[in-house]
Amino acid sequence: MVSDEELVNRTAKRDEEAFLTLYDQYSARVYGLALRMVRDIQMAEEITQDVFLKLWTRSRSYLAIRGAFAPWLLTITRNTALDRLRLENRRLPLADEHDPEETWEFIANEEMPQDEARWRSLYFAVRDLPKEQRLAIELAYYQGMSHSEIAAHLGWPVGTVKTRIRMGMDQLRQQWLDGQTEEAKSKNAPPDVLQ
Amino acid sequence: MTTASEHPSREDLSVYALEALEPGELQAIERHISGCLDCQRILAEYRAVADGMLLAAPPQAPPPQLRARLADQISGRRTVHPPRVERSGAEKARPVPRGFPLLQTALGLAVILLMLVSLAMGFQIRTLQRQQQALLRLIQQHQAGLALISQPGARTLPITGAQGRGNLVVAPDGSTAALFLQDLPELSEDQAFQVWLIPSEGAPQSAGLFRGQDGQSNIPVLVELQEPLSSYAAIGVSIEPREGSPAPTTEPILVVNL
């Protein structure tokens, strides 16, 4: 299987097939993140288009040595979506308790790659946070609000916003580290002895 | 307020990892972190969570036409670079000719004009693409509505209200529903209609936003059901800000009891 790095290098050399392979592999993630942030189908589609056009024109700026491709592409997605939200000065409805678009629900648990399983569990960990903590974290990260803007938006004191973000982030951090430990354990486990 | 010598609070570090600090707070924290290994370690853990949140959004397949459109765009945008020719030292040193100022000015104006025309055309194409997408969505809405109506055993409940009327059509198993509305009031630019699922107890839940189409009526509005319809006591429609509200902020203009 061709690595992401190889596909990005070929995209930088104007290889359309490599570019479309990256699109096939990552467009659902880009579109999913954009949709989660802007909650508008048309705008999410435009953001996805912008992100992949940026990939086409700026793929040389990706350096594999600095990290994996997916977070790089999704950081571009987040920044593009935040630019759009700021441009349109939109304040979105807060996340629903039951998001009808939760496709993670339908992804099978079995044979799931380790990283995928961690992202999935992080998604549920965010969803299971106390509502106030989740709201503050999502407004900061998915809608690019500063703590003062969150305080004004929700009518909370600034100190309360910071405390709720810290409590939520501590909980997520702990779960994330636990996941890492489990992963390390499974990687370091002694191989099964053949009978 | 953090100075460079004292550790920032964990509150500030977690807010910093989410990029939600105010610009005025950044400098002192960044100065401290750059020389403090303990804070760098804590921040790295918070940042790992933030990076994970990028990947934690549920994947969604984008509309299939997007791939074809991108393929067209990259093919059209591809430019052939002329072969690189090394210039001799004498050529490099040659001063830029300074003659023909009128010709240069005219050429410059022509280039600017061409750029303006191409910008205007690009804008027009984008507008047309948006209109095309809006029409496509409208057709899909109609198709979904027709499919629902034509299901044997689909129930139709009339809706009347202070402003507007129509019908709610419910699939026989109660899993999907659509509103067919007409005579709705005109909305201002910053308003939208929001559909609410109203349980017997507890707060109404949002079931989608729509704005209707000028001069058209009876466009089906698919209700985004989070539970089977039998779990709810009523469905309502209210006028809300264009981006929607977490809870109704105005009296419903239409209500249908289930």
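Two strands pair if DSSP finds at least two bridges between them, and strands themselves are DSSP runs (E, at least two residues), just as helices are runs of H or I with at least four, numbered from the N terminus. Here is a friendly tour of a predicted model, in which local features need pLDDT of at least 70, side-chain atom pairs count only at pLDDT 80 or more, and totals for chains, interfaces and linings use all residues. Residues are numbered from 1 along each chain as its sequence is written, and side-chain values use heavy atoms, with hydrogens and water left out.

**The sheet of chain B**

- Strand β4 (residues 191–198) of chain B pairs with β5(B) in the antiparallel sense over four bridges.
- Within chain B, B:Leu197 stands opposite B:Gln205 in β5(B).
- Eight strands make up an open, antiparallel sheet in chain B, ordered β5-β4-β7-β8-β1-β2-β3-β6.
- Its edges are β5 (205–210) and β6 (220–223) of chain B, each pairing on one side only.

**Where chain B meets chain A**

- The contact (heavy atoms within 4.5 Å) draws on 62 residues from chain A and 49 residues from chain B.
- Seven salt bridges (a side-chain nitrogen of Lys or Arg within 4 Å of a carboxyl oxygen of Asp or Glu) are counted between chain B and chain A.
- One salt bridge joins the side chains of B:Glu25 and A:Lys162, at 3.5 Å from N to O.
- On the side of chain B that touches chain A, α1 (10–17), α3 (37–56), α4 (65–77) and α6 (101–149) of chain B each supply at least two residues.
- The largest share of that side, 11 residues, comes from α3(B).

Methods. Chains are lettered from A and ligands numbered from 1 in the order in which they are written.
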